[in-house]
Amino acid sequence: MRLRHVGITVSSLDTALEFYRDVLGLEVLREMDESGEHIDNFSALKGVDVRTVKLQDSDGGIIELLFYRSHPRLTGTRDIADVGCSHFAITVDDLDDTLERISAAGYEANCEPQYSPDGNVKLTFCKGPDGVLIEMVEEL
């Protein structure tokens, strides 16, 4: 078994792409509109109309952004202790540089970068579009 991708439902595809593509540097692999019985069946919804964009990192990891035109949802505030998927983690080459780009785009880290007790990594978390919690790790 291997992880295929991480899916993130977004309230604005443009805002999400500006962050994941332009700020974090992921490459757009594929964009598509999806609807039909098969989507309705596996999503357990009726009348689904969703725009999906798959983005890839330099090692082949994939994030899938999903914008449901047919089923808009309100965004809420999530906390890392909420039940469900709490966050996802990315490895970055230079955490300070990544944080500068994130800050320039109007986002901020939860705290200054922290060092792991063993000194192997430096990390912090930030909230991206729609409050999605992202752990950013630089391996030392």
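A contact here means heavy atoms within 4.5 Å of each other. By that criterion, among contacts between residues at least 6 apart in sequence, 50% join residues at least 24 apart. The model is predicted. The chain has 140 residues, of which 35% count as buried. Its C-alpha atoms fill a box of roughly 50 × 35 × 30 Å along the principal axes.

**Overall layout**

- The secondary structure comes to 3 helices and 8 strands.
- Along the sequence, these elements follow the pattern β-α-β-α-β-β-β-α-β-β-β.

**Pairing around strand 4**

- Strand 1 (residues 6-9) runs parallel to strand 4, and 4 bridges join the two.
- Within that pair, isoleucine 8 has leucine 65 of strand 4 as its bridge partner.
- Strand 3 (residues 49-56) pairs with strand 4 in the antiparallel sense, over 7 bridges.
- Threonine 52 is bridged to leucine 66 in strand 4.
- The hairpin of strand 3 and strand 4 has 5 residues between the strands, and glycine 60 in this hairpin takes a positive phi near 95°.

**The open sheet 5-8-7-6**

- An open sheet is formed by 4 strands in the order 5-8-7-6, with mixed pairing.
- Strand 5 and strand 6 (114-115) are the edge strands; each has a single partner strand, so one side of each is left without a neighbour in the sheet.
- Strand 5 is joined to strand 8 (residues 133-139) by 4 bridges, and the two run parallel.
- Threonine 91 has valine 137 of strand 8 as its bridge partner.
- In general, strands of a sheet pair through backbone hydrogen bonds, either parallel or antiparallel.

**Largest pocket**

- The largest pocket holds about 690 Å³ of space.
- Its lining consists of 26 residues, and those nearest the centre are Leu26, Asp57, Ser58, Ile90 and Thr91.
- Strand 4 (62-68), strand 5 (88-91) and helix 3 (95-104) are the elements that give two or more residues to this lining.
- Strand 5 gives the most, with 4 residues.
- Sorted by class, the lining has 10 nonpolar, 8 polar and 8 charged residues.
- Thr91, one of the residues nearest the pocket centre, is also the residue of the bridge to valine 137 in strand 8.

**Arginine 101**

- Arginine 101 is in helix 3.
- Leaving aside residues up to four places away in sequence, arginine 101 touches Val23 and Leu24.
- A polar atom of the arginine 101 side chain lies 2.8 Å from the backbone oxygen of valine 23.
- Proline 113 is 12 residues from arginine 101 in sequence, and the two are 15 Å apart in space, C-alpha to C-alpha.

**Leucine 140**

- Leucine 140 is in the segment after strand 8.
- With a relative accessible area of 55%, leucine 140 is exposed, because the cut-off is over 50%.
- Not counting residues up to four places away in sequence, leucine 140 touches Tyr115, Gly119, Asn120, Val121 and Lys122.
- Leucine 140 and aspartate 94 are 46 residues apart in sequence, with a C-alpha to C-alpha distance of 9.7 Å.

Definitions and conventions
Residues numbered from 1 in each chain as written. Predicted model: local features only at pLDDT ≥ 70, side-chain atom pairs only at ≥ 80, totals over all residues. Heavy atoms only, no water. 1 Å grid on protein atoms, 1.4 Å probe; cavity = no way out; pocket = protein on both sides within 12 Å on 5 of 7 lines; lining within 4 Å. Points joined across faces, edges and corners; volume = space filled by probe spheres on them. Nonpolar A, V, L, I, M, F, W, Y, C, P; charged D, E, K, R; others polar. Polar contact = N/O pair within 3.5 Å; in protein donor to acceptor, adjacent residues only side chain to side chain. Pairing = 2+ DSSP bridges. Buried < 20%, exposed > 50% of the residue type's maximum accessible area, 1.4 Å probe, protein only.
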